[in-house]
Amino acid sequence: MAGRGTDIKLGEGVADLGGLAIIGTERHESRRIDNQLRGRAGRQGDNGSSKFYVSLEDSLMRIFGSERISKVMLTLGMKEGEAIEHKFISRAIENAQRKVEGHNFEIRQQVLKYDDVMNKQRDVIYSLRRSVLEEPSLVPMITDMMSELALELVEQYTFGTDRQSEWDIEGLKNAVANHFRFVPNFEMEKSTKKTDLEQVVRKKALELYELKRKDMSDEIMLYFERMFLLNEIDVRWKEHLQNMDHLREGIGLRGYAQKEPLLEYKREGFELFMMTDQMIRENTIKKLMTVQLVSEEQLANMEMKKESKNLSYLKPQANTGGTVQQQTVKREGTKIGRNDPCLCGSGKKYKKCCLKE
């Protein structure tokens, strides 16, 4: 389709000879493309003509009606290479083009339905990110996140039941300590309900958050809140996009199990999105409850202790035999596994965080 988007001006005397002649060597799957090719002739009111040549071996003809037309040709005794000009042939080609166009239209509709799922999730994430950037204070957002996280932890370790015998109180304490950096003191009685546990966790967490805000200025605290939230949103959203791509690649196979792939994609995509939202809230709260300001004097003391500790590792000790003996280094505290969560509260594994240092 060379020359599309440009005017083809006929030379002197060409219009009198019939104008521009368009010769098509095949019919395309879309009638729109054929019409665009025909439109190269007769531009600006000039004379022109168009003619298309089709072979029964063309892909369009092989898919639709090639055998039927071949039988007609054999019946009529036509030889190979002999031209056929009949309305029946033109109608057969147009019908084949309509079928292909309809099939492509259904594919585009299906793709659009899958894209709508991601568009709705993208609107939610971008709205959250815009709020983080534009809101003058993020305190209401952070307190809501803490309340939701407290409720989720209590529901998780009470297993959705009011029977205290089935509650995992120790597991709940460990989870609260991991997320909010404090160990709650539950006064367990027969009348204690799940809402009481939630109230204890939420109240103490908000108190610690208020104390941390008082220790820092509003400007510094807003900086930490905004930085942690934006970082978590960006990182988790990129991971979510990769997970959705992996889900999309194999979702068509659900049809073999008599399941609607689009419905399965919506359902599992929603579950992945809720996990992403939960990770954003959890990691943001962990970082906020862990962060603290350090004075220059404290920082200098920490660096001096670190340097002296490193030097003690390298200092050799002489034994009675006159040879140099390396000092044995003993670990202090509990051992941290490579795949355990890092104690700095970053949410990453130990091997990908502080172990490198």
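Local features were considered at pLDDT of at least 70 and side-chain atom pairs at pLDDT 80 or more, whereas totals for chains, interfaces and linings use all residues of the predicted model. Residues are numbered from 1 along each chain as its sequence is written, and side-chain values use heavy atoms, with hydrogens and water left out.

The protein chain has ten helices and four strands, where helices (H or I, at least four residues) and strands (E, at least two) are DSSP runs numbered from the N terminus. Along the sequence these elements follow the pattern β-α-β-α-α-α-α-α-α-α-α-α-β-β. The chain holds 357 residues, of which 29% count as buried; buried means under 20% relative accessible area, exposed over 50%, and partly exposed in between, with a 1.4 Å probe and protein chains only. Of the contacts (heavy atoms within 4.5 Å) between residues at least 6 apart in sequence, 65% join residues at least 24 apart.

Strand S1 (residues 20–24) and strand S2 (residues 48–52) run parallel and are joined by five bridges; two strands pair if DSSP finds at least two bridges between them. From S1 the chain passes through helix H1 (residues 31–38) to S2 in a right-handed β-α-β crossover. Right-handed here means that, with the strands pointing away from the viewer, the path from the first strand over the helix to the second runs clockwise. Within the pair, Leu20 stands opposite Gly48 and Ile23 stands opposite Lys51.

Leu20 also belongs to the lining of the largest cavity, together with Ile8, Leu10, Arg40, Gly42, Arg43, Asp46 and Asn47. A cavity is a set of points, on a 1 Å grid over the protein atoms alone, where a 1.4 Å probe fits but cannot get out, and lining residues have an atom within 4 Å of a point. The search of the whole structure finds one cavity of 30 Å³ or more, and the largest cavity contains about 30 Å³ of space. Its volume is the space filled by probe spheres set on the points, with grid points joined across faces, edges and corners. The lining comprises three nonpolar, two polar and three charged residues. In this division Ala, Val, Leu, Ile, Met, Phe, Trp, Tyr, Cys and Pro count as nonpolar, Asp, Glu, Lys and Arg as charged, and the others, Gly among them, as polar.

Phe159 counts as exposed because its relative accessibility is 52%. At 30% relative accessibility, Arg181 counts as partly exposed.

Leu355 is found in the segment after strand S4 (324–326). Its relative accessibility is 34%, so Leu355 counts as partly exposed. Apart from neighbours within four places in sequence, Leu355 is in contact with Arg338 and Tyr350. The C-alpha atoms of Leu355 and Ile336 are separated by 9.5 Å, the two residues being 19 residues apart along the chain.

How values were computed:
1 Å grid on protein atoms, 1.4 Å probe; cavity = no way out; pocket = protein on both sides within 12 Å on 5 of 7 lines; lining within 4 Å.
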